[in-house]
Amino acid sequence: MTLAELTTALQSSRGFAHKRDIGDVVGALARALPGGVDDLSQAVAVGDDCAAIPDGDGYLLFAIEGFVEDFIDSMPWFAGYCGVMVNVSDIYAMGGRPIAVVDALWSAGMTPGSEVLKGLAAASHRYGVPIVGGHSNNRSERGQLAVAILGKAKKLLTSFDARPGDRLLMAVDLRGAYQEPHPYWNASTSAPAERLRADLDLLPELAEAGLCDAAKDISMAGAVGTALMLLECSKVGAVIYLDAIPRPPEVPLLRWLQSFPSYGFVLSVRPELAAAVTARFRARGLACQEVGEVTASPKVLLRHEGEEALLWDVSAQTFIGARSGDV
């Protein structure tokens, strides 16, 4: 595919559309608050993977994930597993360590609820994060799932601290396979549990060592969409090198850019620290590459095979932020 085709495909993708919906929700909330947009940070800034609430010598981290109905219908066990996995990833992306999760499950009897709960239990055991309560409704017409998590961080990684001149790094576990035919790269369910936990612990270790202070876990927006969210929150732009993004050699570039990896992070790192951060991931068998440079301009540009194209100009069009006109 040409760069123009790749860019258009990303802009019109389901992952980008779902993230853009956040702007509608944030805007509606802003209009309902007495102080408008200014009240969105009434306790903590909105836009990170977790709410980071100051607590003593660190931060409590609080997050929630919900899952679309077609995912639960087609893959109930994996949906339950992801309920824990993606929340755990959010906590680590903020430089924290998870404490516990709760879930809310709607089901028609125990179908598909039973399989969802089996997946939740499996991930709880593998990641070492207990399920401590929740809510259930076995008289629902449709299967629905939401999972919330609590964690703790000594030092934060945030979406608001990328700076011009930083190097964008992407770290991904390529030791997996797709949950066909879906865009979910699964490097979790068959990996040793001890390795899963130690690989994730790299993130708080980087934060506590002062090697990184800006990161985000790769979501359904894919690697580039996740980078865009991080850059928008930090009010910066970047040039992203698509050819440098680590990916399995057999996977077409567009499919990989639209994939959700079970272990994947975008980090914005001071240039003098990039080599040290990269080395820590690679020492654990994880792929990690420099994939771009942060710029003061709010434009996010893509480079591929010698060409360059504009993906997004966040000064002209928000991605996950409140739309212009929100009070």
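Glu305 is exposed, with a relative accessible area of 63%, where exposed denotes over 50%, buried under 20% and partly exposed the range in between (1.4 Å probe, protein chains only). This residue has a positive phi of about 50° although it is not a glycine. Glu305 lies in the loop between strand S14 (299-304) and strand S15 (307-313); strands (E, at least two residues) and helices (H or I, at least four) are DSSP runs numbered from the N terminus. The model is a predicted one, in which local features need pLDDT of at least 70 and side-chain atom pairs count only at pLDDT 80 or more, while totals for chains, interfaces and linings use all residues. Residues are numbered from 1 along each chain as its sequence is written, and side-chain values use heavy atoms, with hydrogens and water left out.

A positive phi, near 60°, also occurs at Lys235, again a residue other than glycine. Lys235 is placed in the loop between helix H8 (222-234) and strand S10 (237-241), and is exposed at a relative accessible area of 71%.

Cis peptide bonds were identified as well. One joins Thr111 and Pro112, with omega of about 5°; Pro112 belongs to the loop between S3 and helix H5 (113-127). Another joins Glu180 and Pro181, with omega of about 0°, and Pro181 is located in the loop between strand S7 (177-178) and strand S8 (184-186).

At the level of the whole protein, the secondary structure comprises 10 helices and 15 strands. The radius of gyration is 19 Å, close to the 20 Å that the globule rule gives for 327 residues, so the protein is as compact as a globular protein of that length; the radius is taken over C-alpha atoms, and the rule is 2.2 Å times the number of residues to the power 0.38. The C-alpha trace spans about 55 × 50 × 45 Å along its principal axes. Of the 327 residues, 53% count as buried. Among contacts (heavy atoms within 4.5 Å) between residues at least 6 apart in sequence, 82% join residues at least 24 apart.

The protein exposes about 13,800 Å², of which carbon and sulfur atoms supply 54%; accessible areas come from the Shrake-Rupley method with a 1.4 Å probe, and for residues only the protein chains shown count as cover. Ile99, situated in strand S3 (residues 96-108), is partly exposed at 40% relative accessibility.
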